[in-house]
Each structure stands twice: as structure tokens, then as C-alpha cells.
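Try each task before reading its solution.

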Amino acid sequence: MSFIMETLRHFIASKMESPEKRDEFWHKHIRQMEVVTAKKKDDWSQPTKPYGFWKSDKQLAKFNMNKEPGHMSLPGRGSPHGGNPADY
């Protein structure tokens with residue numbers, strides 16, 4: 001019976017990878033992840049929008065629309081106090 005168990009143990013052990021090979025694979029993986037993580041952190045530290053984007057016409061459109069009181073009487077724009085703005 002011990003012959004069968006010994007043969008089976010050797011067969012299973014021959015199909016498994018060595019601990020050194022497994023450790024080297026995971027060390028390589030961790031080193032690659034450190035490089036990727038460092039690049040990602042560097043990307044996160046950069047600004048997402050260029051300087052002065054808030055001064056563009058597209059960004060200022062709502063501000064320019066709201067600073068003129070005549071636009072409050074346009075259809076579809078509600079009054080901050082409720083009701084119809086034309087009644088005021």
C-alpha cells in the first residue's frame with residue numbers, strides 16, 4: 001500500500017510547479033504592479049483641465065446669461081422667487 005501512496009505523491013509533486021518558480025512569478029508581478037501604480041499616481045497628480053478653461057465662451061455662457069436681468073423674462077426661465085417673472 002505504501003508503494004501506491006509513494007508513487008501517487010511523486011506523481012502529484014511532479015505536476016506541481018516549484019516554490020522558487022512560483023515566488024519568482026509573483027515577485028515579477030508585484031514589480032510590474034509597482035510601476036503601473038507609480039504611473040497612475042503621477043497621472044492623478046496632474047490637473048484634469050488646462051489653465052484658463054473657465055474663461056472660455058462655453059464656460060461663461062450661463063454666467064453671461066444670468067447677469068443680464070432682461071433674460072429672466074424669457075420663456076422657460078423661472079424666477080428664483082416663484083411665479084411668473086413677467087408679473088413683477
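**Exercise 1.** By about how many helical turns are glutamate 6 and arginine 9 separated in helix H1? Work that out, then check how their side chains pair and how accessible they are.

*Solution.* Keep in mind that this is a predicted model.
- Step 1: glutamate 6 and arginine 9 are three residues apart in helix H1, so about one helical turn separates them.
- Step 2: look at the charged ends. The closest N and O atoms of glutamate 6 and arginine 9 are 2.9 Å apart, and a salt bridge needs such atoms within 4 Å, so the pair qualifies as a salt bridge.
- Step 3: check the accessibility. Glutamate 6 comes out at 37% relative accessibility, which means partly exposed. Arginine 9 has a relative accessible area of 47%, so that residue is partly exposed too.

**Exercise 2.** How many salt bridges does the count come to? Find the partners beyond the pair you've just done.

*Solution.* The count comes to three salt bridges.
- Step 1: go to helix H2, which covers residues 19-45. Aspartate 43 and lysine 39 both sit there, four residues apart, or about one turn of the helix.
- Step 2: take the N to O distance. For aspartate 43 and lysine 39, the closest N and O atoms are 3.5 Å apart, and the two form a salt bridge.
- Step 3: compare the two ends with the cut-offs. Aspartate 43 is at 40%, so it counts as partly exposed. Lysine 39 reaches 54% and counts as exposed, because exposed means over 50%.
- Step 4: now pick up arginine 31 and glutamate 24, whose side chains meet in a salt bridge at 3.7 Å, N to O. Arginine 31 is partly exposed at 44%, and glutamate 24 is partly exposed with a relative accessible area of 45%.

**Exercise 3.** Is the aromatic pair of phenylalanine 25 and tryptophan 26 stacked or edge-to-face?

*Solution.* 
- Step 1: the count gives one aromatic pair. Phenylalanine 25 and tryptophan 26 make that pair, with 5.2 Å centre to centre and 80° between the planes.
- Step 2: planes over 60 degrees apart count as edge-to-face, so that's the label for phenylalanine 25 and tryptophan 26.
- Step 3: tryptophan 26 has 46% relative accessibility, so it's partly exposed.
- Step 4: while you're on rings, find phenylalanine 53. Lysine 49 lies over its face, 5.6 Å from the ring centre.

**Exercise 4.** Which residues form a nonpolar patch on the surface?

*Solution.* 
- Step 1: select Met1, Phe3, Ile4, Met5, Leu8, Phe11, Ile12 and Met16; together they have about 950 Å² of accessible area.
- Step 2: Leucine 8 lies in helix H1, residues 2-15.

Notes. Residues are numbered from 1 along each chain as its sequence is written. This is a predicted model: local features need pLDDT of at least 70, side-chain atom pairs count only at pLDDT 80 or more; totals for chains, interfaces and linings use all residues. Side-chain values use heavy atoms; hydrogens and water are left out. Rings of Phe, Tyr and Trp (its six-membered ring) pair if their centres lie within 6.5 Å; planes under 30 degrees apart count as stacked, over 60 as edge-to-face and the rest as tilted. Buried means under 20% relative accessible area, exposed over 50%, partly exposed in between (1.4 Å probe, protein chains only). A charge sits over a ring if NZ of Lys or CZ of Arg is within 6 Å of the ring centre and within 35 degrees of the ring normal. Patches are made of residues with over 30% relative accessible area and no salt bridge: like charges are joined within 9 Å, nonpolar side chains (Val, Leu, Ile, Met, Phe, Trp, Tyr) within 5 Å. Accessible areas come from the Shrake-Rupley method with a 1.4 Å probe; for residues, only the protein chains shown count as cover. Helices (H or I, at least four residues) and strands (E, at least two) are DSSP runs, numbered from the N terminus.
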